Amino acid sequence: MRDPADRLLTIPNLLSVLRLAGVPLFLYLLLGPREDGWAILVLVFAGFSDWLDGKLARWLNQMSNLGALLDPAADRLYVFCTLLAFVIRDIVPLWVALVLVGREVVVGICLLILRQRGWGPFEVTYLGKAATFNLLYAFPLLLLAQGDSAWAQAAQPLAYAFTVWGGALYLWSALLYVHQFFLALRGTPRTVA
């Protein structure tokens with residue numbers, strides 16, 4: 001009998017694939033015709049589907065190994081591509097993008113070293129999820145905050161707040177993952193919450 005974790009066709013996996021397919025669409029809308037309104041909708045769908053796929057996986061008992069790979073991959077791809085597009089459009093400064101992408105590089109290198117030594121991936125923390133959640137809220141708000149409209153003026157403080165909190169939590173979660181990394185290298189696998 002097949003292990004349920006080996007399932008490929010699940011509703012949460014479908015949502016993750018749709019979220020991944022939205023990345024090139026988002027980039028096209030933002031950098032090509034500069035259809036910011038449509039780009040915001042793609043980001044909102046990405047954030048909502050990120051929340052929904054996890055809820056459905058648990059609720060429908062459709063957790064899978066593929067989903068455990070797709071979900072964080074989609075999150076990382078959205079963060080990277082959104083930051084890249086925002087730097088190109090002068091929505092965020094380059095240093096913000098470099099700090100957040102640098103975090104991904106450090107955590108990614110740690111993961112590669114752990115895998116080479118026979119360890120699995122880091123235990124996902126709620127702090128890491130909260131960081132990604134904040135950034136996925138910040139991105140559409142940062143895009144909405146462009147311009148001089150009343151909507152832009154109202155979105156601006158929220159956009160900056162979510163960006164600062166999301167960025168700070170993103171860096172803090174990286175420190176916790178690096179701590180897990182060094183514990184694993186010492187042969188003491190533990191999670192840090």
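Start with helix 4, whose buried residues are Val96, Ala97, Leu100, Arg103, Val107, Cys110 and Leu114. Keep in mind that you're looking at a predicted model.

After the helix comes Gly118, with a positive phi near 90°.

Arg103 forms a salt bridge with Glu104, with 2.8 Å between the closest N and O atoms. Is Arg103 buried or exposed? Its relative accessibility is 4%, so Arg103 counts as buried.

Now look at Leu111, also in helix 4. Leu111 has a relative accessible area of 25%, which is why it's called partly exposed; the cut-off for buried is under 20%. Leaving aside residues up to four places away in sequence, Leu111 touches Pro121 and Phe122. Phe122 sits eleven residues along the chain from Leu111, and their C-alpha atoms are separated by 7.4 Å.

Next, move over to helix 3, which runs over residues 65-88. Here too the length fits: 24 residues at 1.5 Å each should give 34 Å, and the end C-alpha atoms are 35 Å apart, which agrees. What covers them? Beyond the end of helix 3 you'll find Asp90, with a positive phi near 60°.

Side chains of opposite charge can pair when their charged atoms come close. The structure holds seven salt bridges. In one of them, the side chains of Asp71 and Arg19 meet with an N to O distance of 2.6 Å. That pair ties together distant parts of the chain, since Asp71 is in helix 3 while Arg19 is in helix 1 (residues 11-31), 52 residues apart. Arg19 also forms a salt bridge with Asp75, with the closest N and O atoms 3.3 Å apart. This second pair again links distant parts of the chain, helix 1 and helix 3, with the two residues 56 apart.

How buried are these partners? Arg19 has a relative accessible area of 1%, so it's buried. Asp75 is buried as well, at 7%. Salt bridges with shared partners join Arg19, Asp50, Asp53, Asp71 and Asp75 into one network.

Stay in helix 1 and find Leu20. Its relative accessible area is 24%, so Leu20 counts as partly exposed. Not counting residues up to four places away in sequence, Leu20 touches Leu70, Ala73, Ala74 and Leu77. For a sense of scale, Leu20 and Gly167 are 147 residues apart in sequence, and their C-alpha atoms are 22 Å apart in space.

Now for the outside. Leu31, Phe80, Leu84 and Ile88 form a nonpolar patch on the surface, with about 350 Å² of accessible area together. Which helix gives the most to this patch? That's helix 3, with three residues. Phe80 is found in helix 3, and at 41% relative accessibility it counts as partly exposed.

Finally, compare all this with the record. An unreviewed UniProt entry lists residues 12-31, 37-54, 94-114, 126-146 and 158-178 under "transmembrane region". In the model, residues 12-31 are 100% helix and 0% strand, with end C-alpha atoms 29 Å apart. Residues 37-54 are likewise 100% helix and 0% strand, and there the end C-alpha atoms lie 26 Å apart.

Conventions: Residues numbered from 1 in each chain as written. Predicted model: local features only at pLDDT ≥ 70, side-chain atom pairs only at ≥ 80, totals over all residues. Heavy atoms only, no water. Patch = residues over 30% accessible without salt bridge, like charges linked within 9 Å, V, L, I, M, F, W, Y side chains within 5 Å. Areas by Shrake-Rupley, 256 points an atom, 1.4 Å probe, with all protein chains shown as cover. Salt bridge = Lys/Arg side-chain N within 4 Å of Asp/Glu carboxyl O. Helix = DSSP H or I, 4+ residues; strand = E, 2+ residues; numbered from the N terminus. Buried < 20%, exposed > 50% of the residue type's maximum accessible area, 1.4 Å probe, protein only. UniProt positions renumbered as here; feature names shortened; annotations may be inferred. Expected span 1.5 Å × (residues − 1). Contact = heavy atoms within 4.5 Å.
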